[in-house]
Amino acid sequence: MSDAILDIRNLTVELPPWADRPQAVSDTSLTLARDEILCVVGESGSGKSVMARAVMGLLPEHLRASGGAILLEGEDLLRATPSRLREVRGSRVSMIFQEPMTALNPVKTIGAQIDEMLELHTKLSRRERTERIVAMLKSVRLSDAQRLLGAYPHQLSGGQRQRAMIAMALILEPAVVIADEPTTALDVTTQSGILALFRDIQRARHIGVLFITHDFGVVAEIADRVAVMQHGRLVESGTAEQILNAPKHAYTQSLIAAVPSLAPRERRMKKDARVVLSVAGLEKTYHAGGAFGRSGRTVRAVKSVDLSIRHGETLGLVGESGSGKSTLARCIVRLVDAERGSVVVGDDVDLMTLSRGALRAHRRHIQMVFQDPYGSLDPRCTVGRLIAEGPIVHGVSESEAVSRAHALLELVGLERRAADRFPHEFSGGQRQRIGIARALALEPSILVADEPVSALDVSVQAQVLRLLADIRDRLDLTMLFITHDLRVAAQVCDTIAVMHDGEIVEYGPTSRIYAEPRHAYTQSLLAAVPGRHWAPPFTPALV
Amino acid sequence: MSVARDRARYIGRRVAQAVPAILLIVTLNFLLVHLAPGNAADVLAGEAGSATPQYMAYLRHQFGLDQPLYVQYLEYLKNVVTFDLGYSFRESMPVRDLIFQRLGPTLLLMGTTIVLSIGLGVLLGIFAATKPGSLRDNAISVFALVSYATPLFWVGLMLIVLFAIDLRWLPTSGMVNIAAFYTGWQKVGDVARHLVLPAVTLSLFYMALYVRLMRSSMLEQSGMDYVVTARSKGLTEHAITYRHVLRNASLPVVTMAGVQIGNLLGGSVVVETVFGWPGIGLLAFKALFARDLNLLLGIFFVAACLVIVVNIIVDVIYTLLDPRIRLR
Amino acid sequence: MNVDANSAAAPVTEPRQPARAWHSHAAELWQRFARNRAALAGLVVLVTIVIVALVGPALFAQGPFELAGPPFAQPFGQFPLGTDMLGRNELVGIVYGARTSLMIGLVATLFATLLGVLLGGVAGYYGGVVDEMLMRLTEMFQTIPSFLFAILVVAILSPSIGSVILAISVVSWPPMARLVRGEFRALRNREFVEACISMGMSDARVIVRHILPNCVSSIIVTGSLLVATAILTESALSFLGLSDPNVMSWGFMVGAARDFLQRAWWLCAIPGVAILVTVLAINLVGDGLNDALNPRLRRL
């Protein structure tokens, strides 16, 4: 406590009158020691980001810090003058943001943006500044540092951009670094590199890191101490060991309970089930930028993929962004037309050979649940109409379709009255339930779920996964489940196909793949899962 | 540097792309003539009584009107490509010479207008955006709103009434004081005095456009994430506005400037008519009055080519400003 | 990626509302519109002008070309707005001119909108070759100086209400087509449209029931701005002498009075003010519509 370099005392941040609660942060106190990583965990709306911004004095206009103190090395930042605050920013405390693409100015080079820090706070000569920047870039493990000086943000990968941001935050050797979900927008393998970087840099430079995240895996990976926030209040805090393995507060317990375990549950498929979906030789290539014969960039999104799913099985398609898994899913559902290959559904109908008209009749057998709860429902339609429209298009009478919609709403855990409401009146988790109801309205035999829970908070995620599993069992559905989250895949899927760069590099039962991954990529993927050595203490069966 | 070479290649590609555009315009001209009701030669000659038999014969020859359509088209195409834009009966000069004679004043007027409207528009837009909701923001916004709604010809006429007739500060029309035979710097000053009112008139509308655009662009950029990052580095608001936001915010203005060139030329017809400014706009008006369609088509063609050239220049400027554009 | 993570800085977007019927949806829209006082003022002015345009000609049945009194009579005398160089009643001219401007503006914009929505929608939805061709076409129209083109069209087809409307429609449709194409393209890739397609809906149904309703507000706003531009273009054309000789138009009035600037400058001023006020009112209403139909989520 006495070693605290950042001491937040009874901080309160007011929200504007139209918000759903009066304060973003209520009477919260937190300390960060001189040489540790403190992870602040919470779901969306917990106030963790607001608190971080309050420290830097970066609150948006309509939020006001109305009480408490923020002591940085003894100085109260809440009462500092604007010019003192500007001095402190970057040199004593700096911040790293979530989205490196938008957090960097797109029209300035990396070198110029980092140089700005030095220009502002030091009196070094240009040559000295350049030397320091290059040294810093090397220490965040960016190769080819000289060339990067003149590169623009859009020329770098996501991981490189984030490393550049870290370099920018560290260049003045601040005592405190605040990282606001810095790896959330990154791939799992990239994320593990950045997390390792954070750990190493913190150890080497003995700085205090306030690391905000929603992912307990990340907490398990790097935290020394943990603070849990809910609805703007601090709910529990302690060492990582205490919180992760013996949480005391009910909310913390529920959060941890919602984290899926990496240990795959056992396979529960019937033996000798028939094959309901068979994909062979599927290929999809995108041509970008070329027109009227001019050559453009060619991207082979899907390179000759084969897979098959048996009745009642859940096949997981696992991969990082750019692996082609979403494209593959869309090719199977024929939202996107593949160049080559066959997609045979159920009774030997190859969807690829059907004309658009004939295809329409067959579409009902294989339906999709989408990722984005905010973009997957037409904002101008009532929920009831959204669900009933599918059956109506296929010839079901309107009254029958509406009653089916009501039944489905109850099936997914919503009220019948929801049918008269509009999507914007529901939360993200509820919207995903509506999306599931819509997909079920046509009574498909195969459900393709494209990252259905990736955009949801962890506790809501667990509920929706439970719902999916429940429905799958009740309606005897076959599922193709696409995800980048290996924990989710472990709990939901019977079989796993690992996709990388348009190809399936490994295919097999979940338990085998997690226990003995054979392909190098699968191994690196599993090695990159944050907190893989930590087993969440309670794991209610998601099955 | 390979970037320079890429850029040269980009320019070459754009020029090559311009060719089919020009072709389309020529075709459009051709179609327009033949779409008109009545005999094409009559249409081209204007009022029936004003054309001599020689001129009618000349027109028939020029446009090959007694030949099949595609032959006429090829003839016309050939003529245009060799810059033979025909002959103006009224002015007794080849159209080409007539146009090039008048191109200078129009370019002067347009150049001044572009500098004035973009310069002032950007400045006022920044002014307004840096203190949104303030008195100066509201004043600038109201000014822009009213200017945007005002017809060009009316502004010109009212300015003449105020500055030339009532106050007698500036001349009422023309480009030079013909009686005074100025040379050298005095001539420049004379032209400048005559340029003031036409340039201000033409600029007012477009300046309003750029003010509104710049203001909303600045406000939009100010909400972007990289601004928060810049603030977290300890930059002053002033530095953030001028070193980070400005360049990003001005990109849409550059794009819009390119789009507006065509409209600017159209506006110059009205302004040059009101002020008697001897450019191709006034020429177009006179051609209209005299129903000299041949001349009008020639002006249209040259104007379109001008727009294409300026668009290429604007595109290149844009690539200099925005590093995200792939020159490939 | 947790989409909701960013909303930690703004816990809520808009307060949750109970479900409403359609007419209260419209009432809510009106409320939002009416909060903008400038837009409200613009609407009042616009409605006044429309009433004048509709009712006025009945009151002044003699028509604007009637010689009503001595030329150059000053305003605020026997004639409220004076008389022009031939002795025609200026006020009557303004009233009839209102009808001309509004009618031409509305009809031309209607045609331009229909054409633009059709072409832009098809190009945006289907993409590919059709889209490429449309882009080339709109680029070409962007290149040609549109006012000069309008002049050409009217000159060739000889000035009449029909030719003026045609000319303005032809130069107005590209911006609408570009807007609609952009909206269709963006919506086409949204997941809810993909969901509709995967449910087996026909393209027509998807477009009419799902895509169009989501871009109607942009179309309306752009349409209102196009009306304003159309009125300005029409007045410029008639100023240059390219108006239907049987119809009185504000631009024509200014053009005719040009030679008498020294003597009776108000003959140029008054019709110009009428144009200014009308266009300003339309712009204000358009901006108000924009704010009401696309309420920006509370600043986060």
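Biologist: What do the buried residues of H14(A) pack against?
Modeller: H14(A) packs its buried residues against H15 and helix H16 (428-440) of chain A. Contact here means that the C-beta atoms of two residues, placed from the backbone, lie within 7 Å. Helices (H or I, at least four residues) and strands (E, at least two) are DSSP runs, numbered from the N terminus.

Biologist: Where do the residue numbers and chain letters come from?
Modeller: Residues are numbered from 1 along each chain as its sequence is written, while chains are lettered from A and ligands numbered from 1 in the order in which they are written. This is a predicted model, in which local features need pLDDT of at least 70, side-chain atom pairs count only at pLDDT 80 or more, and totals for chains, interfaces and linings use all residues.

Biologist: Back to helix H14 of chain A. How many of its residues are buried?
Modeller: Eight of the eleven residues of helix H14 (residues 383-393) of chain A are buried, so the helix is largely enclosed by the rest of the structure. A residue is buried if 20 or more other C-beta atoms lie within 10 Å of its own, exposed if 12 or fewer, and partly exposed in between, with C-beta atoms placed from the backbone.

Biologist: Which ones are buried in H14(A)?
Modeller: They are Val383(A), Gly384(A), Leu386(A), Ile387(A), Ala388(A), Glu389(A), Gly390(A) and Pro391(A). After H14(A) comes Gly395(A), with a positive phi near 100°.

Biologist: And Leu409(A), where does that lie?
Modeller: In helix H15 (residues 398-411) of chain A. Leu409(A) counts as buried because it has 21 C-beta neighbours inside 10 Å.

Biologist: What does Leu409(A) touch, leaving out residues up to four places away in sequence?
Modeller: Leu409(A) touches Leu414(A), Glu415(A), Arg416(A), Ala418(A), Ala419(A) and Ala437(A). Leu38(A) is 371 residues away along the chain from Leu409(A), and their C-alpha atoms are separated by 42 Å.

Biologist: Which residue other than glycine has a positive phi near 50°?
Modeller: Asp27(A) does. Asp27(A) sits in strand E2 (residues 23-33) of chain A, and it counts as partly exposed because it has 14 C-beta neighbours inside 10 Å. Asp501(A), not a glycine either, has a positive phi of about 55°. The place of Asp501(A) is the loop between strand E19 (495-500) and strand E20 (503-509) of chain A. With 14 other C-beta atoms within 10 Å, Asp501(A) is partly exposed.

Biologist: Now chain A as a whole. How many helices and strands?
Modeller: Chain A has 20 helices and 20 strands. Its C-alpha trace spans about 75 × 55 × 45 Å along the principal axes. Buried residues make up 51% of its 543 residues.

Biologist: What domains does chain A have?
Modeller: Domain 1 (1-92 + 177-257), domain 2 (97-173) and domain 3 (275-288 + 295-528), with bounds from an automatic or database domain assignment. The C-alpha centres of domain 2 of chain A and domain 3 of chain A lie 40 Å apart.

Biologist: Over to chain B. How many of its residues are in contact with chain A?
Modeller: 17 residues of chain B are in contact with 22 residues of chain A. Helix H9 (225-232) and helix H10 (237-275) of chain B each supply at least two residues of the side that touches chain A, and H9(B) gives the most, with six residues.

Biologist: At what angle do H10(B) and H11 of chain B pack?
Modeller: H10(B) and helix H11 (residues 280-289) of chain B pack at about 80°, with their axes 7 Å apart. Axes are lines fitted to C-alpha atoms, for helices over the stretch in contact, and angles run from 0 to 180 degrees between N-to-C directions. H10(B) is therefore roughly perpendicular to H11(B). Angles under 35 degrees count as roughly parallel, over 145 as roughly antiparallel, 65 to 115 as roughly perpendicular and the rest as oblique.

Biologist: Last one, chain C. How many helices and strands?
Modeller: Ten helices and zero strands. Its C-alpha trace spans about 80 × 45 × 30 Å along the principal axes, and buried residues make up 50% of the 300 residues in chain C.
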